[in-house]
Amino acid sequence: TGYYLFAQHTSDQISLNLPFVWLKTFITLAVTLKKWLTYALPLEPVAVELEKRTHGRSILLRSGLVFLTVILAIGLPYFGLFQSLVGSLCAGFLVLVFPLAFYLKLFGHKLTLRNRLVHVVLLVLSSVLVVLASISSVQEAMDLWNGVPAPSGYDATLLEST
């Protein structure tokens with residue numbers, strides 16, 4: 001009910017709803033610093049594998065990966081939708097589906113029938129949620145490409161310029 005009462009008075013970015021300007025500034029700086037310091041972490045496995053296959057050239061490969069992600073972020077209109085699709089597919093499976101499936105595979109024979117049933121139900125529910133989140137992301141992207149107005153928080157001029 002809070003959203004329905006105050007939605008028109010709230011910003012999409014949660015930190016902009018804070019009451020003090022100095023607090024908004026501090027939170028924004030902290031989030032920016034966190035992004036700068038952890039940007040390379042998701043690229044690390046890719047960089048290590050590429051370095052093994054190319055026998056070195058570490059600086060060139062890592063710089064190329066950073067350049068590639070910047071080009072993708074600039075070049076893909078509605079990059080947030082792309083991120084939500086990748087997130088719903090990858091993170092959903094890694095966090096929800098795979099742990100349950102592996103646990104059932106490794107220890108299912110030791111579980112009671114009730115526990116096994118609970119894990120199977122959770123596995124099915126998690127799989128359905130991952131599929132629904134992915135479908136929702138694809139539908140949003142298709143709507144934007146077909147000219148349906150963008151949701152709040154997306155810059156419509158990005159799509160027009162491509």
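**Entry 1: Arg62**

I started with Arg62. At 29% relative accessibility, Arg62 counts as partly exposed. I keep in mind that this is a predicted model.

Which residues does Arg62 pair with? I found Glu44 and Glu51. In the pair with Glu44, the closest N and O atoms are 2.8 Å apart.

I noted that the salt bridges share partners and join Glu44, Glu51 and Arg62 into one network.

**Entry 2: the glutamates of the network**

Is Glu51 buried or exposed? I read 18% relative accessibility, and Glu51 counts as buried. The cut-off matters here, because buried means under 20%. I then checked Glu44. Glu44 is partly exposed, with a relative accessible area of 33%.

**Entry 3**

I counted salt bridges next and got 3. One of them joins Glu49 to Arg53, with the closest N and O atoms 3.1 Å apart. Both residues lie in helix α3. They are 4 residues apart, about one turn of the helix.

I compared their cover. Glu49 is partly exposed at 35% relative accessibility. Arg53 is exposed, with a relative accessible area of 63%.

**Entry 4: a nonpolar patch**

Which residues make the nonpolar patch? I listed Val118, Val120, Leu122, Val124, Leu125, Val128, Leu129, Val131, Leu132 and Ile135. The patch covers about 810 Å².

Leu129 belongs to helix α6 (residues 113-145). Its relative accessibility is 47%, which counts as partly exposed.

**Entry 5: the whole chain**

I finished with the overall view. How many helices and strands are there? I found 7 helices and 0 strands in the protein chain. From the N terminus on, the order reads α-α-α-α-α-α-α.

The chain has 162 residues, and 15% of them count as buried. It exposes about 12600 Å². Carbon and sulfur atoms supply 73% of that area.

Last, I checked contacts between residues at least 6 apart in sequence. Of these, 47% join residues at least 24 apart.

Conventions
Residues numbered from 1 in each chain as written. Predicted model: local features only at pLDDT ≥ 70, side-chain atom pairs only at ≥ 80, totals over all residues. Heavy atoms only, no water. Helix = DSSP H or I, 4+ residues; strand = E, 2+ residues; numbered from the N terminus. Buried < 20%, exposed > 50% of the residue type's maximum accessible area, 1.4 Å probe, protein only. Contact = heavy atoms within 4.5 Å. Areas by Shrake-Rupley, 256 points an atom, 1.4 Å probe, with all protein chains shown as cover. Patch = residues over 30% accessible without salt bridge, like charges linked within 9 Å, V, L, I, M, F, W, Y side chains within 5 Å. Salt bridge = Lys/Arg side-chain N within 4 Å of Asp/Glu carboxyl O.
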